[in-house]
Amino acid sequence: MPATRPADIASRAAPPSARAALRLLQLGAVLVVLAGAPFPYFDLDRHSVPKELALHLAAFAAALVCLASAAMAKRLALTLLDLLLVAFLALSVVGAVGATNPWLAFRAVGVSLAGALVFWTARAVRGAGLARPLLAGLAAAAVLGAATGLVQAYGLHVPGLDDLISQSRAPGGTFGNRNFLAHLMAIAFPAVLWATLRARRGWGALLGVAGAALVACALVLTRSRAAWLGFGATGTLLAVELLLRGRLRSSATWRRRAQAVALALAAGAAAALALPNTLDWRSDNPYVESLTGVANFREGSGRGRLIQWRNTMGMVEDHPLLGVGAGNWPVAYGRYTTPRDPAWDTGSLMPTNPWPSSDWVAYLAERGAPAFVALLLAGGVLVLRGWRAMQRVGQRGGANRRGDGAPPLDDAGLDGLVVIATVVATVVVGAFDAVLLLPLPTFFVWGIVGALAPAGRPVVSFGLGGGSRRALVALTAAAGLAFAVRNASQFAAMTLYTHGRRAATLERAARVDPGSYRIHILLATTYRNRGRCAQARPHAVAARDLFPNNPAPRAVLRACGGGRARRP
């Protein structure tokens, strides 16, 4: 490990715009973890909508700060990775234009676009020498998320937090779902390790070690098999590279800290198994049962995933180029479901989940094969850059490389390893659950790799004069405002519906958020049950137009005599 760190020196001279972007990303990481609302009728959206709002505000504000900076280069240079991300976003937008449900398409594209902006602004923060505080902020926010899950698991009560925690999928903390909490723990652990190794002072390293123990404890308690697989893959990679291959031999401090993190992980896992908690598992040995069922695809959720993936492939065959539209998998899935499909419940107002049980299946079905390949190649470029950074120690004048072993890691090599570990965790977890489709992991994945990924060579560049820059700033501001307003309208509609007591207030909720299937179908069924079909029909038609394959709107219309009706 070199004694002189140019990045630390550069951070002292970082421009105000970079420091402002850093603070916005740090604040955004905390808000996207804690954001939620006490709206019982909106089980998932009461967590995801506030988190999307936090993601959009942080991503677009940080991007605007960077774009508007007077220090911004007069030429915009794009690497291969940038071009692949732009291609993925462009194809997503084109496919979304013809989507059956434009509201879901707008929402899904917004999450992807905000993730790309987090990546690009995090890279600008890194270029200013501020990667360390950004990674420390992301790691601290992830540990904070673990703490909210542990608060729920052990029956603790924190003022203001209890109303934000969902009791149906404990221990999900402020994530609303134990799987979502577990996903972040698996994905963010490499950043926690990085922050611990790179801490400037001993107390910072101690906080990192304690954070690793909390992450391990929360991860075990969730019983999330997808997250366990992801953590196992990335943990094996890190253990092999750092400990078994002797990559840390250039720094005794790093070795001691890595060993302390390993012990903390073991202690956290042991505490999860030994300490009594308030989780009401039905099995006598729930953690052993989850561990032994990790690769079970013959029954339970594993079998359900296979059926869902097989049926979704029909969607891919029918829409190979542009998909069914971003976010529109649940809209189209009813046409492809098969008898006894556990992913489709005809008796429910919303018969399937908002996302399939795999990012990669979702991207294939919703965005099309070209967009999927572009994103896949972007991940490959990140891994390749990280691997090259790990092998170039000698060229950077770091510690001497022994001829009989792997080169030791310096700062840049550690950055590359953590990028690879983060991508590996994301790929594995995303193979079995929704990850990059959601705002919380989107923020952390792109923030971590943006702050640590080595810069690539520019492939194309073009001038960015005053007029072009102002146009780009205006376009970014308009897009950010549109996404934030959309999230705010969703939040306002949920507030009106939750606290409304009069029919006029509930109707106003539907007008504030005309794209809310849940509000429309709840109103339609309520009116039908009260024999008020004249009021039920418009909402049933609106719900049917949003989700044409769902049985519930058609059932209301049949009960009310069918027929067409205009949207309210």
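Analyst: Let's begin with Leu-184, which is in contact (heavy atoms within 4.5 Å) with Val-33, Ala-142, Phe-175, Phe-189, Leu-440 and Phe-444, leaving aside its neighbours within four places in sequence. This is a predicted model, where local features need pLDDT of at least 70 and side-chain atom pairs count only at pLDDT 80 or more, while totals for chains, interfaces and linings use all residues. Residues are numbered from 1 along each chain as its sequence is written, and side-chain values use heavy atoms, with hydrogens and water left out.

Leu-184 is also among the residues with the most contacts inside the largest nonpolar core, together with Leu-382, Phe-443, Phe-444 and Trp-446. That core has 128 residues. A nonpolar core is a set of buried Ala, Val, Leu, Ile, Met, Phe, Trp, Tyr and Cys residues joined through side-chain atoms within 4.5 Å; buried means under 20% relative accessible area (1.4 Å probe, protein chains only). Helix α7 (residues 178–197) gives the core its largest share, 15 residues. Helices here are DSSP runs of H or I with at least four residues, numbered from the N terminus. Apart from this core lies another, of 30 residues, with Met-350, Ile-519, Val-556 and Leu-557 among them.

Now back to Val-33, one of the buried residues of helix α2. Others there include Ala-18, Leu-22, Leu-25 and Ala-29. The buried residues of α2 pack against α7, and also against α3 (45–68), α5 (102–127), α6 (131–153) and α17 (439–452).

Terms used. Buried means under 20% relative accessible area, exposed over 50%, partly exposed in between (1.4 Å probe, protein chains only). Helices (H or I, at least four residues) and strands (E, at least two) are DSSP runs, numbered from the N terminus.
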